[in-house]
Amino acid sequence: MTDLLSRTRSDLAPEELVSSAGEVLARFDHRTQDSGNVSWLVRTPSGDYFVKSAGEEEPPPGAPLPVLDRSARVDLLRNAVEIARSVDHPALARLRSVIELSTGPVLVYDRASGELVGVPAARRNDPDSSYRRFATAPPAIRLAVLDQLLDAHRTLEEAGWVACDLYDGCLMVDPATARLTLIDLDTYRRGPSTNDMGRMFGSTRFMAPEEFTAGAPLDARTTVFTLGRLLRHFGTGLTEDLADFCGGAALAAVVERATRRERTERHGGVGELVAAWTAARDAGAAS
Ligand SMILES: Nc1ncnc2c1ncn2[C@@H]1O[C@H](COP(=O)(O)OP(=O)(O)OP(=O)(O)O)[C@@H](O)[C@H]1O
Ligand SMILES: [Mg+2]
């Protein structure tokens, strides 16, 4: 049996490597992801892992052509390794090992507990969906998760990371413990950059205006906007009306500022956003 944690290289193909390590519980591929990557959840004697590969050169018959070719997908996996090695935070999915195969790396993460908040658009009205259940969870649970989201991004910002493609499909939440694990931050960029795609990767619901404009700056204020959108979306129980915000008026005002279309009117960075959030949170607790 292959031990995924002690290997740094293998001659096996990714799928063989995973099945030689234990029982495959799930496979994530073109049926549910549009990245072109292929990943697995696998149960092994030392624990459950999420194993991510860049997938095949050619999409399987009938599957759409992914936006990025295989070598660009490998670059993103290497970027994910750089993120994991530069930032240590309990809300980030923990990367346990990287195994080099002839086709590129596979990344072995600890399996995150809980469930993915993002669901396909067709399920967003389903009250039983993880999305609706999180959005209507008691305020204390939602605020605890949002605190972790912000704190993780404060740490990411300290290492220079700017959010890209941060959306509800990156949030795994354990409803029993209110624990957040962030997954799939692969397209984050280190340091300020410019919009070189026209429309950046992402879910329109959470993207900043500059992510739709070629040549526009992408920086900490972009991260602030996306975080603000997530806070607003889930903090208002999906109404987007700040009068419904689960943390009260002072926190709602922080969220309003974070989500201004005009970049210069937002907080200058995640550190500033978190300071304002924490001050409003403490004031709310004291009153
Ligand atoms: N650490 C983890 N623990 C448990 N499940 C995970 C973990 N990371 C990812 N998953 C699950 O696997 C799915 C696919 O992972 P991920 O989003 O990283 O893949 P991707 O190929 O980048 O997909 P996308 O097309 O969404 O960009 C996630 O939606 C989530 O359900
Ligand atoms: Mg992805």
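In this predicted model, a nitrogen atom of ligand 1 is placed 3.2 Å from a polar backbone atom of Asp-110. The surroundings of ligand 1 comprise 16 residues, and the closest of these are Gln-33, Ser-35, Lys-52, Ala-112 and Asp-184.

Elsewhere in the model, helix α7 (residues 270-286) packs with helix α6 (residues 249-258), with helix α4 (residues 139-158) and with helix α5 (residues 220-235). The geometry of these pairs is set out below.

| Helix pair | Angle between axes | Distance of axes |
|---|---|---|
| α6 and α7 | about 165 degrees | 8 Å |
| α4 and α7 | about 150 degrees | 9 Å |
| α5 and α7 | roughly 35 degrees | within 9 Å |

With its angle of about 165 degrees, the pair of α6 and α7 is therefore roughly antiparallel, and α6 passes α7 in a right-handed crossing. On the α6 side the contact is formed by Ala-250, Leu-251, Val-254, Val-255, Arg-257 and Ala-258, while α7 supplies Glu-272, Leu-273, Ala-276, Trp-277, Ala-280 and Arg-281. Sorted by class, the residues of this contact are 9 nonpolar and 3 charged, with no polar ones.

Helix α4 meets α7 at an angle of about 150 degrees, which makes α4 roughly antiparallel to α7, although here the crossing is left-handed. The residues that α4 brings to the contact are Leu-143, Ala-144, Leu-146, Asp-147, Leu-150, His-153, Arg-154 and Glu-157, and those from α7 are Val-270, Gly-271, Leu-273, Val-274, Trp-277 and Arg-281. This contact of α4 with α7 contains 8 nonpolar, 2 polar and 4 charged residues.

For α5 and α7, the axes cross at roughly 35 degrees and come within 9 Å. Thr-223, Val-224, Leu-227 and Leu-231 of α5 make the contact with Val-270, Leu-273 and Trp-277 of α7. In the contact of α5 with α7 there are 6 nonpolar residues and 1 polar residue, and no charged ones.

Read from the side of α7, Leu-273 and Trp-277 take part in the contact with α6, in the contact with α4 and in the contact with α5. Arg-281 of α7 is listed for the contact with α6 and for the contact with α4, and Val-270 of α7 for the contact with α4 and for the contact with α5.

How values were computed:
Residues numbered from 1 in each chain as written. Chains lettered and ligands numbered in written order. Predicted model: local features only at pLDDT ≥ 70, side-chain atom pairs only at ≥ 80, totals over all residues. Heavy atoms only, no water. Axes fitted to C-alpha atoms, helices over the stretch in contact; angles between N-to-C directions. Helix = DSSP H or I, 4+ residues; strand = E, 2+ residues; numbered from the N terminus. Parallel < 35°, antiparallel > 145°, perpendicular 65-115°, else oblique. Left-handed = near helix turned anticlockwise from the far one by under 90°. Contact = heavy atoms within 4.5 Å. Nonpolar A, V, L, I, M, F, W, Y, C, P; charged D, E, K, R; others polar. Near = heavy atom within 4 Å. Polar contact = N/O pair within 3.5 Å; in protein donor to acceptor, adjacent residues only side chain to side chain.
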